[in-house]
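Let's take a walk through this fold, a few helices at a time. Keep the viewer open as we go.

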Amino acid sequence: MSTTVSPLAPKKFTRMPAVDGVRMVTAEAGIKYKNRTDLLLMVFDEGTEVAGVFTRSKCPSAPVDLCRENLSGGTARVLVVNSGNANAFTGKKGRAATSATAQAAAAAVGCQTSEVFLASTGVIGEPLDAGKFTHLLKDMAGSAEADFWAEAGKAIMTTDTYPKYATATVRLGDANVTINGIAKGAGMIAPDMATMLSFVVTDAPISASALQEMLSAGTKGTFNAVTVDSDTSTSDTLLLFATGAAARNGAQKITDARDPRLMQFRRALNRILKNLALQVVRDGEGARKQVEVTVTGAKSARSAKKVALSIANSPLVKTAVAGEDANWGRVVMAVGKAGEPADRDLLSIWFGDIRVAREGERDPDYSEDATSDYMKRDEIAIRVDLGLGRGKATVWTCDLTKAYVEINGDYRS
């Protein structure tokens with residue numbers, strides 16, 4: 001966690017309402033950080049259903065393995081999150097740590113270990129000493145509170161400069177339901193699901209299968225469309241919990257993701273996922289500018305996304321944005337190297353509403369002064385039209401500054 005808050009941070013933080021059916025508590029376990037909370041416990045009412053998406057890294061963390069295994073059961077009673085240590089690439093010691101944590105958490109709330117979900121974030125390759133916090137879990141479970149979202153968001157941060165929150169209340173049939181989400185992430189962020197840690201909880205009575213279908217679809221244009229540095233974490237975890245407590249207020253149980261009663265809920269869930277994903281981008285390590293990259297006119301949507309990511313992940317494009325340099329030639333470079341169908345003589349490029357290039361050369365109406373003024377904004381939009389088809393995609397990234405190197409150069413110190 002940085003002492004200097006990102007200039008792109010929200011001007012004020014979202015007021016998070018309590019969600020019926022979940023209680024939370026945090027603690028200072030001293031896993032890596034001193035004088036700050038680094039442990040989060042969420043306790044869910046019986047009957048809570050769960051869905052999740054995880055990193056596609058071939059070197060996943062031990063907690064990711066445990067979550068994937070337990071997800072098949074579809075129910076959750078407790079979530080334990082620690083910051084400061086990722087428990088990744090820790091071999092048998094890592095598996096022993098997750099096993100010890102799961103057993104302690106299950107005992108603390110009186111559930112099966114198959115109903116325990118874990119997430120760890122921080123340094124890779126350092127064994128996690130579960131003994132630093134497993135003894136705390138029973139007392140924590142007893143003191144957990146419903147109205148504790150603000151503290152929950154702070155406890156999961158690592159190099160984040162601010163906690164990330166989002167909430168929505170919508171109608172589900174004849175009742176109101178609430179959706180709350182928190183996230184952490186600032187570096188090692190690239191789309192491969194879930195690009196960080198994020199936990200979303202609702203009191204809606206929705207089955208695990210329906211939750212999973214909505215979550216998997218919702219990540220495509222949100223968490224799987226953001227990149228800070230093109231590096232996908234070993235620990236990426238996004239979990240969605242439904243306590244079902246709103247059934248007491250008249251909300252009917254929904255088991256099919258295609259149920260028309262879910263329309264408002266699905267839209268609200270997608271807004272929350274996008275909100276959290278963009279907050280992660282805006283807190284990119286050392287970031288000073290948010291960058292939206294849109295590619296149109298591609299052969300397919302898949303091709304458009306690959307080109308957009310080539311632009312968004314280019315260090316040369318990102319440093320040009322950081323330097324407020326309208327260097328559209330670097331965008332041309334990134335399109336050309338993407339390995340997707342493109343035609344130099346059909347290419348058009350815009351910075352904001354300013355077309356800087358068209359038909360394979362600089363736009364005749366291009367104004368260096370106007371474009372330079374545009375590049376001084378803290379939100380930059382780059383649009384590329386390939387002129388080949390109807391495929392389109394949008395991704396989000398941030399600029400690349402000296403601070404990124406400084407943060408990551410001494411990350412383990």
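When we talk about helix axes here, an axis is a line fitted to C-alpha atoms, for helices over the stretch in contact, and angles run from 0 to 180 degrees between N-to-C directions. Bear in mind, too, that this is a predicted model.

With that in hand, go to helix α7 (residues 301–312) and helix α9 (residues 328–337). Their axes come within 8 Å and cross at roughly 135 degrees. Angles over 145 degrees would count as roughly antiparallel and 65 to 115 as roughly perpendicular, and α7 and α9 are therefore oblique to each other. The crossing of α7 past α9 is right-handed. On the α7 side, look for V307, S310 and I311, which meet V331, A334, V335 and K337 of α9. Sorted by class, that contact has 5 nonpolar, 1 polar and 1 charged residues.

Now for another pair. Helix α1 (residues 62–71) packs against helix α2 (residues 91–109) at an angle of about 55 degrees, and their axes are 9 Å apart. So α1 and α2 are oblique to each other, and their crossing is right-handed. Here A62, P63 and L66 from α1 meet G94, R95, T98 and A102 from α2. The class count for this contact is 4 nonpolar, 2 polar and 1 charged residues.

Stay with α1 for a moment. How many of its 10 residues are buried? The count is 7, so α1 is largely enclosed by the rest of the structure. The buried ones are A62, P63, V64, L66, C67, N70 and L71. The cover over them includes α2, along with β3, β5, α5 and β9.

In helix α5 (residues 208–218), the buried residues are A208, A210, L211, M214, L215 and G218. Viewed down the axis of α5, these fall within an arc of 160 degrees, so they line one face of the helix. The spacing makes sense in general terms: an α-helix has 3.6 residues a turn, so residues three or four places apart point the same way. Among the elements covering the buried residues of α5 are β3 (49–54), β9 (237–242) and α6 (263–282).

Last stop: T134, in the loop between β5 (116–123) and α3 (137–143). Leaving aside residues up to four places away in sequence, T134 touches A100, T101 and A104. Between the C-alpha atoms of T134 and V281, 147 residues apart along the chain, the separation is 33 Å.

Definitions and conventions
Residues numbered from 1 in each chain as written. Predicted model: local features only at pLDDT ≥ 70, side-chain atom pairs only at ≥ 80, totals over all residues. Heavy atoms only, no water. Helix = DSSP H or I, 4+ residues; strand = E, 2+ residues; numbered from the N terminus. Parallel < 35°, antiparallel > 145°, perpendicular 65-115°, else oblique. Left-handed = near helix turned anticlockwise from the far one by under 90°. Contact = heavy atoms within 4.5 Å. Nonpolar A, V, L, I, M, F, W, Y, C, P; charged D, E, K, R; others polar. Buried < 20%, exposed > 50% of the residue type's maximum accessible area, 1.4 Å probe, protein only. Arc of directions from axis to C-beta.
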